[in-house]
Amino acid sequence: MANQETIVALATATGSGAIAIIRVSGTDAIAIVNRVFRGKDLSQQSTHTVHFGTIRDGDEVLDEVLVSLFVGPNSYTGENVVELSTHNSRYIIERIIQLLVSGGARAAQPGEFTLRAFLNGKMDLSQAEAVADLIASNSAASHQVAMQQMRGGFSNLLKQLREQLIHFASLIELELDFSEEDVEFANREQLKSLVLEINTVVRRLITSFEQGNVLKNGVPVVIAGKPNVGKSTLLNSLLNEERAIVSDIAGTTRDTIEDEINIHGVSFRFIDTAGIRDTMDIIEAKGVERTREKMRQARLIIYLADPQQDDVDEIDSQIAEVAALGVPYVVVVNKTDLLTQTHREALANIKPLFISAKNNVGVEELKDELLRKVNLHNLDSDDVLVTNIRHVAALRKTSESLGKVLDGIDNPVTSDFLAMDIRQALHHLGEITGSVSTDDLLDNIFSKFCIGK
Ligand code: GDP
């Protein structure tokens with residue numbers, strides 16, 4: 001372990017709550033805390049133990065605390081780590097942090113604890129990124145993919161692929177040393193089948209992004225339909241129940257879920273609900289590209305019709321327009337309370353879902369249908385899903401390089417070109433796990449973390 005500056009930050013969220021945790025990490029973490037802690041001598045205690053005592057600034061007692069001790073390298077960051085559980089008062093927290101800073105620690109940068117964990121080999125880059133995802137996860141599905149990634153499912157798979165490829169790269173590079181003699185250490189047929197195999201896995205990972213992204217960020221949904229068919233009413237009806245559930249939990253922030261609903265663990269996000277009226281007019285304002293674009297971004301469209309307003313032919317032609325966008329859609333007829341038998345018969349061919357948004361009739365069935373449409377049920381808990389746009393970009397570049405390797409085998413190029421393309425593929429794979437990383441990349445990733453993570 002290199003000698004590391006000791007950093008300190010509040011690790012829990014600010015706001016009300018009984019307890020706060022202040023995290024200290026670095027070579028001198030234990031010594032710095034020990035100087036202001038009255039209780040057992042922390043320098044004499046074993047790792048993974050908890051100690052009660054007080055924190056003192058001179059003679060003044062700032063708080064009674066519990067100290068959790070982790071002696072490096074067996075800690076989150078790999079360094080000596082001390083976590084102080086204090087009473088959650090802003091005043092206490094600020095005083096203790098100041099005290100530790102005057103004792104030789106410095107305030108941590110955003111994500112610096114996790115950055116150190118990465119630099120000390122406690123986790124690879126994709127696992128470190130999963131920590132942020134895990135903290136941000138707000139549904140069973142997003143939690144599951146983040147947890148899977150943090151525990152290394154994704155990295156293990158990539159590691160195996162890289163190792164196999166490195167083996168071939170080194171054989172080919174060996175050929176370069178014997179270039180005069182025209183020998184082939186790397187069997188081209190074997191190399192080809194390995195590259196094909198790896199490319200299949202890489203492509204599968206790229207494809208999994210669509211699903212992974214949806215699980216992580218929610219399924220983007222648009223409610224489409226003419227003005228006054230009941231779009232806002234339906235949205236409210238979908239969201240209301242959710243709000244009621246959530247507002248029962250004291251202290252939860254409701255803002256973030258204002259336009260999200262959670263159906264059996266999958267979150268559905270309603271796109272641009274503020275502008276939903278505009279979006280809805282899309283069907284009328286044919287050819288308005290901007291609104292069409294919005295709908296194309298959706299993973300699912302709820303097309304809402306009101307037979308009081310439009311006859312079946314009109315509804316049919318609107319459905320055709322929605323279908324032309326190529327996005328899965330659900331046809332829903334609203335205001336069933338006003339529906340006559342004639343209406344129902346006229347609409348029978350369309351096989352819509354009948355609801356009354358205002359009276360909350362059929363809304364549960366609609367939710368089930370939404371879930372069916374996104375087709376996520378065959379998700380296995382062991383499936384490796386890519387959820388990160390940075391990873392999918394690196395995988396695409398990997399696949400491109402692998403394509404060049406294959407070309408190079410089929411239309412034989414010299415070993416040095418082949419080696420270059422393999423190295424390129426390895427480089428892109430390494431970008432994901434961080435075996436290849438630059439300061440800029442690390443800055444970019446960890447600066448998005450909060451301080452204390
Ligand atoms: P939007 O323009 O598509 O967002 O439509 P709104 O949600 O504003 O609804 C237009 C009107 O239809 C409002 O007066 C609603 O109360 C009414 N409405 C919505 N759903 C129903 C329903 O299920 N039955 C009846 N009778 N009226 C409804």
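Modeller: Out of 453 residues in the chain, 48% count as buried, where buried means under 20% relative accessible area, exposed means over 50% and partly exposed lies in between, with a 1.4 Å probe and protein chains only. Please keep in mind that this is a predicted model, in which local features need pLDDT of at least 70 and side-chain atom pairs count only at pLDDT 80 or more, while totals for chains, interfaces and linings use all residues. Residues are numbered from 1 along each chain as its sequence is written, and side-chain values use heavy atoms, with hydrogens and water left out.

The chain has 16 helices and 13 strands; these are DSSP runs numbered from the N terminus, with helices (H or I) of at least four residues and strands (E) of at least two. Among contacts (heavy atoms within 4.5 Å) between residues at least 6 apart in sequence, 66% join residues at least 24 apart.

Let us begin with helix α3, residues 112–119, which is mostly covered, with six of its eight residues buried. The buried ones are Glu112, Phe113, Thr114, Arg116, Ala117 and Phe118. Their cover includes the strands β1 (7–10), β2 (19–25) and β7 (106–107), along with the helices α4, α15 (415–433) and α16. After α3 comes Gly121, which has a positive phi near 75 degrees.

One of the covering strands, β1, is itself covered on both faces: Ile7 and Ala9 are buried on one side, and Val8 and Leu10 are buried on the other. Strands count as paired if DSSP finds at least two bridges between them. β1 runs antiparallel to β2, joined by four bridges, and Val8 has Val24 of β2 as its bridge partner.

α4 (residues 125–136) and α16 (residues 439–446) meet at an angle of about 20 degrees, with their axes 11 Å apart. Axes are lines fitted to C-alpha atoms, for helices over the stretch in contact, and angles run from 0 to 180 degrees between N-to-C directions. α4 and α16 are therefore roughly parallel to each other; angles under 35 degrees count as roughly parallel, over 145 as roughly antiparallel, 65 to 115 as roughly perpendicular and the rest as oblique. Their crossing is left-handed, meaning that the near helix is turned anticlockwise from the far one by less than a right angle, whereas clockwise would be right-handed. Leu125, Ala128 and Glu129 of α4 make the contact with Leu441, Leu442, Ile445 and Phe446 of α16. These residues divide into six nonpolar, no polar and one charged, with Ala, Val, Leu, Ile, Met, Phe, Trp, Tyr, Cys and Pro counted as nonpolar, Asp, Glu, Lys and Arg as charged, and the others, Gly among them, as polar.

Now let us follow α7 and its two partners. The axes of α7 (residues 188–217) and α14 (residues 389–410) come within 9 Å and cross at roughly 155 degrees. The two helices are therefore roughly antiparallel to each other, and α7 passes α14 in a left-handed crossing. Among the α7 residues in this contact are Leu191, Val195, Val202 and Phe209, while those of α14 include Val392, Leu395, Leu402 and Ile409. The contact residues divide into 15 nonpolar, three polar and five charged.

α7 also packs with α6 (residues 153–177), at an angle of about 155 degrees and with the axes 11 Å apart. That makes α6 roughly antiparallel to α7. This crossing is left-handed too. On the α6 side the contact includes Phe154, Leu161 and Phe168, and on the α7 side it includes Leu194, Val195 and Ile198. Here the division is 13 nonpolar, two polar and three charged.

Finally, look at the open sheet of six strands, ordered β9-β10-β8-β11-β12-β13 with mixed pairing. Its edges are β9 (260–263) and β13 (353–354), each pairing on one side only. β9 pairs with β10 (residues 266–270) in the antiparallel sense over four bridges, and Asn262 has Ser267 as its partner in β10. Helix α13 (residues 363–374) packs on this sheet, touching β8 (219–224), β9, β10, β11, β12 and β13, and its direction makes about 165 degrees with that of β12. Helix α11 (residues 312–324) lies across β11 (300–305) and β12 (329–333), running at about 170 degrees to β11.
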